[in-house]
Amino acid sequence: METVALGLLLYVVALLTMGGIYAVLALGLNVQWGFTGLFNAGIAGFFAIGAYTSAILTTLPADHSDRVFGAELPLPLAWLLAMLTSGLIAVGIGKICLRLRSDYLAIGTIGIAEILRLFFKNEAAVSNGARGIPQLPKPFEHLPQPWEQLAFLALVIVIVAVLYVALERALNSPWGRMMKAIRENERAAAAMGKNIERRRLEAFVLGAMIMGLGGALMAHSFKFIGPEATEPLMTTFLVWVMLIAGGSGNNRGAIIGAVGIWAIWSLTEIMTSGLPPEWAVRASYIRIFLIGLLLQIVLQRFPGGLFPERSAVLVQADRSKRAPAAAE
Amino acid sequence: MLEFVNFYLIPGLVLGSIYALGAIGITMLFGILRFAHFGHGDMMTMGAYVALAVVLAFGLPAMWALPIAMVLAAGLAVGIDRLFYKPLRSGPTIVVVIASFGVALMIRSVIQVVFGVDVESYQPGFQRPVFLFDGSIRILPRHLTIMAVTAGLMLALHLFLTRTKMGKAMRAMSDDPELARATGIDTGRVVVYTWIIGGGLAAAGGVFLGIDTQLTPMMGWNLLLPMFAAAILGGIGKPFGAVVGGLVIGCAEELATYPWLGDGPLLEPSYKSAVAFAILVIMLIWRPTGLFKGRVF
């Protein structure tokens, strides 16, 4: 009985941990798409660069490994460097594509994700090739079960909370309002003297850095990173569905969408894993189909998502309604 | 020199023909509907597997299954547009791009459910090359067919776009949709025809890739980057620019692996798609309108 309860607890904790890491990725995408309207189709690439940077910087190459480079930096420093590398790549691709309409950015980011995937798959000296990098350190791994998992979940929750508060403040700051102005009407914003390209680059890089952090968290959570982790489906598409379903432009929506979609994704996996093997494989593709269909239904029927972005005018009206009440 | 032609240039032209067939659809859809269609690679996969179903059902050779696959795929493309893109047309076009991402995934998962994930082929076996010019040029019969049929399809497309009323209407709408509508062009029909042409040619490209190599559910998705590069290289909205772009990218990818310097290939074959990406980046920096003065949005 106790083992069942423990198993259930560990399952719920793992579910929430993964949901939290996806929430980090969705928050990163929200900065790019939700705040600024930038279409990043290469989330998998920024995820991978963060994951691999952190993995390489925290482990030394094992014996018989093809890998040459490695270091044993403390985790927080490695995560910071993972964010920086991801941001640097974003500066490069952003400078090229952000001058043009969003479709070109989508094409460019698909390209960068593909190149990064090839790079990590082929350059064994850096990434250990197809075998990936095992035995990554995980925070709190010396604690006994279930405290290890609980402590890691707490860390993820703290990171999500810090990001949420920071992004909410950014969104309601002059910078955030300027971003929305650019998204809604680029010409009007340019006429007001806003440097559009520069602001877009800022949002793109900030989002990419957050995605890099998400990648690093994922790698250390699994204690492993390999090239199949950068497949476009699992990361890019799932994160898009999470943000669109949750409500793009709304940080709370991004977090709830991430945890919710991850819960659906992971619970349906349990349901299909009970099927006979030849059906289980097919059923997993039916799940992917249904996630695609869910996206279409949300786009057509609920374009704002579950928690639509609140327009600035409404927020302002709310405030002025509340302000006189407070004054009385 | 002959080795260069036989093992690098001809495969480059074959690959380029396949890219061109997909890139035509991408550039026309971008020009007329104004969105980057991320489902196009998977529409090619769809065409290839529809042909596989015909091959398996009737025991026809793949080349005979091609016209049937093209018609069915064109119909499916129109249906996909009706169901998933048309309802979003009134909103910002970038939302349609997101939807096309989803469509790509849905097409692929349907194929994976129906056909499984294993590698398939139309007919197993080995083709003997035919020798041209006293045996100095060796070319596989399937390569000859692919290039000849592609050339025929291009000619048909050229005649359609320049000689028929619908073809002219399509070019007009690609140049200026507002003006086209004002002159009484039925834009709804133009859209349907665009999908028929784009979907049909994509299916042809997919079938050719299947004939040349094998069928896998990921085959089309992997073509997406070189095809976008081809469309941008040729200039958005320019079908023949896309053909040139496709051939250039196909050849560049193959030729980059030729041992230009020293003994080894100049570029490892596993990095082929990096060539397409490099061309894409250069074009976006240097000349986003493409070689043939296409549009930039």
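# Chat about a predicted two-chain model

Colleague: Where is Pro146(A) found?
Modeller: Pro146(A) sits in the loop between α5 (124–127) and α6 (147–171) of chain A. Keep in mind that this is a predicted model.

Colleague: Is the peptide bond from Gln145(A) to Pro146(A) cis or trans?
Modeller: That bond is cis. Its omega is near -10°.

Colleague: Which residue in that loop has phi near 65°?
Modeller: Asn128(A) does. The value is positive, and the residue is not a glycine. Asn128(A) belongs to the loop between α5 and α6 of chain A.

Colleague: Buried or exposed, that Asn128(A)?
Modeller: Buried. There are 26 other C-beta atoms within 10 Å of Asn128(A), and 20 or more count as buried.

Colleague: And Gln135(A), where is that one?
Modeller: Gln135(A) is also in the loop between α5 and α6 of chain A. Its phi is positive too, about 55°, although Gln135(A) is not a glycine.

Colleague: Why does Gln135(A) count as exposed?
Modeller: Because Gln135(A) has 11 other C-beta atoms within 10 Å, and 12 or fewer count as exposed.

Colleague: Switching to helices. What should α4 of chain A span?
Modeller: Helix α4 covers residues 102–122 of chain A, which is 21 residues. At 1.5 Å a residue they should span 30 Å. The end C-alpha atoms are 30 Å apart, so the two agree.

Colleague: How many of the residues of α4(A) are buried?
Modeller: 17 of the 21, so α4(A) is largely enclosed by the rest of the structure.

Colleague: What scores does the model get?
Modeller: It has ipTM 0.89 and pTM 0.90. For chain B, mean pLDDT is 90, and 98% of the residues reach 70 or more.

Colleague: Overall picture of chain A. How many helices and strands?
Modeller: Chain A has 13 helices and zero strands. Its C-alpha trace spans about 65 × 50 × 40 Å along the principal axes. Buried residues make up 47% of its 328 residues.

Colleague: What share of contacts in chain B join residues at least 24 apart?
Modeller: 74%, among contacts between residues at least 6 apart in sequence. For chain A, the corresponding share is 79%.

Colleague: Let's do the core. How many residues are in the largest nonpolar one?
Modeller: 198 residues. Those touching the most other members are Val24(A), Ala26(A), Ala51(B), Ala69(B), Ala73(B) and Ala229(B). Helix α1 (residues 2–32) of chain B gives the largest share of this core, 14 residues.

Colleague: What does Ala73(B) touch?
Modeller: Leaving out residues up to four places away in sequence, its contacts include Met43(B), Met46(B), Gly47(B) and Val50(B). Gly199(B), Gly200(B), Ala202(B) and Ala203(B) are also touched by Ala73(B).

Colleague: How many residues of α2(B) are buried?
Modeller: 15 of the 19, so α2(B) is largely enclosed by the rest of the structure. This helix runs over residues 40–58 and reaches 27 Å from its first C-alpha to its last, close to the 27 Å expected. Just after α2(B) comes Gly59(B), with a positive phi of about 65°.

Colleague: Last one. Where does Met154(B) lie?
Modeller: In helix α5 (residues 141–163) of chain B. Met154(B) is partly exposed, with 18 other C-beta atoms within 10 Å. Met154(B) and Leu21(B) are 133 residues apart along the chain, yet their C-alpha atoms are separated by 8.6 Å.

Methods. Residues are numbered from 1 along each chain as its sequence is written. Chains are lettered from A and ligands numbered from 1 in the order in which they are written. This is a predicted model: local features need pLDDT of at least 70, side-chain atom pairs count only at pLDDT 80 or more; totals for chains, interfaces and linings use all residues. Helices (H or I, at least four residues) and strands (E, at least two) are DSSP runs, numbered from the N terminus. The expected span of a helix is 1.5 Å times one less than its number of residues. Two residues are in contact if their C-beta atoms, placed from the backbone, lie within 7 Å. A nonpolar core is a set of buried Ala, Val, Leu, Ile, Met, Phe, Trp, Tyr and Cys residues joined through C-beta atoms within 7 Å. pLDDT is the predictor's confidence in each residue, from 0 to 100.
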